[in-house]
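Subject: Structure for your review

Dear colleague,

Please find the structure below, handed over for your review.

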Amino acid sequence: METEESPRNLLVVDDEEHMRFFLKEALSRENCDVKTAASGVEALEMIRADNFDVVILDNRMPRVGGMDVLTEIKKLNPEIPVIMMTAYGSKQVAMEAIEKGAYDYFTKPFDINEMRVVVKRALEKQKLEEEIKSLRRQLGQKYDFEGIIGSSREMQEVFDLMTKVINNDVTVILYGESGTGKELIATLIHKKGPREGKNLVKINCAAIPETLLESELFGHEKGAFTGAASRKIGKFEVADGGTLFLDEVADMSLATQAKLLRVLEEREFERLGGTEVIKIDIRLITATNQDLLTLVNQKRFREDLYFRLNVVPIFIPPLRARRADIPLLIEHFLGETTEKFNKELKGFSRKALRLLIDYDWHGNVRELENVIQRAVVTAQSSIIDEEALPITVRKAQSQQETINYINEHFVQPLPQIVESIAENTERQLIIEALEKTNWSRKKTAELLKICRKSLHNKMKKYGIEEP
């Protein structure tokens with residue numbers, strides 16, 4: 001048996017009694033419990049004492065004006081959608097209201113049906129955000145493996161393998177492109193495993209010249225080679241009792257591979273230029289962005305070392321292969337970055353979010369994090385639009401859409417192709433304008449600088465219908 005949904009809490013703020021009465025009567029029919037306030041001071045007192053889902057606020061009021069009330073509301077609760085009303089159709093007033101965080105604005109006199117639609121959308125937005133927060137609380141742990149975020153089937157498989165190897169002191173190799181989080185996973189396996197509290201030593205084999213890599217790994221004695229002015233303790237020795245993480249292990253020369261194999265087999269080595277045998281007890285985790293088996297077939301990687309390292313392989317998928325995780329990652333990085341830079345942002349616009357999800361992310365999670373940081377820093381309003389995204393992200397989709405369109409219509413003469421692309425572009429611009437104005441045809445026509453009849457005809461031509 002379905003339970004009836006409880007009324008939503010609305011507050012109407014206007015110094016004119018007839019307007020308060022009019023809106024209360026009109027909106028009470030929409031399953032809303034409408035309360036009213038005759039001044040900004042009264043409204044703020046009510047907001048401090050009660051939870052409101054939407055506030056409808058007049059701009060021009062005595063003592064405390066609507067813009068000041070809007071600012072205070074956003075300080076008290078940034079999540080409340082505030083719909084502004086003004087008797088003056090000034091574009092500057094509207095822009096100021098939006099910049100201060102207003103959900104929408106209306107110029108008096110307004111169409112009450114349009115007001116109902118906007119209020120309905122604001123309430124749906126609030127309800128959706130509440131559901132998302134609840135869902136995150138319930139499922140947060142499932143999608144967040146100690147800081148590694150992913151709800152996709154591919155990442156769940158990675159989490160399952162990590163769970164199995166963490167408490168088993170087995171050699172693990174991580175396969176994945178640059179930026180997929182191999183180092184983060186290696187760190188987690190060490191910290192949650194039996195060697196927790198011991199040293200975790202990391203070395204990037206590709207970042208160290210081959211002539212120095214052997215010394216970095218095994219250390220050297222004073223005078224072992226030109227420039228060896230003192231004894232150096234190698235990474236194997238430092239990692240004794242803990243974990244050694246060798247990143248980009250495929251970049252080792254065959255000679256260094258042979259020495260690494262010997263250490264893994266005998267669990268002992270000598271420093272360069274030394275005779276003392278040093279015994280070690282380590283857990284080895286390696287990583288690479290290359291296919292080791294292919295390198296083995298090409299005689300560029302030792303087969304015997306491959307089998308020593310490839311005990312438990314974990315394949316980390318690139319971000320473009322797990323697009324279902326991108327919204328979760330966006331939300332995670334957005335929260336981190338806004339907190340870091342002390343900025344209050346509501347999120348990304350629908351188009352910006354679509355661009356982020358559709359982009360191929362060749363730099364993977366690391367690239368996504370950098371783009372989110374840039375967007376937060378450069379955002380001009382509380383909703384981050386596509387202009388805050390790098391041109392590479394914005395261009396990628398438009399170029400691909402044009403290529404796809406031409407491929408589908410290449411049999412047509414060039415003038416027809418150009419005309420079709422122009423119509424497709426016009427249709428998209430109209431939809432974007434409608435979304436920006438919450439599907440208000442009057443405001444959309446003003447924004448596009450065309451008459452409402454022309455807008456109506458174009459919507460009919462392109463089959464654009466209000467969702």
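The side chain of R271 makes a polar contact with the side chain of E237 at 2.8 Å; a polar contact here is a pair of N or O atoms within 3.5 Å, where within protein one must be able to donate a hydrogen and the other to accept it, and residues adjacent in sequence count only if both atoms are side-chain atoms. The model is predicted, so local features need pLDDT of at least 70 and side-chain atom pairs count only at pLDDT 80 or more, whereas totals for chains, interfaces and linings use all residues. Residues are numbered from 1 along each chain as its sequence is written, and side-chain values use heavy atoms, with hydrogens and water left out.

R271 lies in the loop between β13 (268-269) and β14 (278-279); helices (H or I, at least four residues) and strands (E, at least two) are DSSP runs, numbered from the N terminus. With a relative accessibility of 6%, R271 counts as buried, a term that means under 20% relative accessible area, with exposed over 50% and partly exposed in between (1.4 Å probe, protein chains only). Leaving aside neighbours within four places in sequence, its contacts are Y103, D104, V118 and R121.

The largest nonpolar core has 32 residues, of which F236, L244 and L246 touch the most other members. Such a core is a set of buried Ala, Val, Leu, Ile, Met, Phe, Trp, Tyr and Cys residues joined through side-chain atoms within 4.5 Å. Elements that each supply at least two residues of this core include β8 (172-175), β12 (243-247) and α10 (254-266). The most is given by α10, with four residues. Apart from this core lies another, of 26 residues, among them L345, L368, V376 and L389.

Helix α7 (residues 182-191) is mostly covered, as seven of its 10 residues are buried.

Finally, five strands form an open sheet with parallel pairing, in the order β2-β1-β3-β4-β5; two strands pair if DSSP finds at least two bridges between them. β2 (32-37) and β5 (104-107) stand at the edges with a single partner strand each, so one side of each is left without a neighbour in the sheet. Within the sheet, β3 (residues 54-58) is joined to β4 (residues 82-86) by four bridges, and D58 stands opposite M85 in β4.

Kind regards

Note on methods:
Contact = heavy atoms within 4.5 Å.
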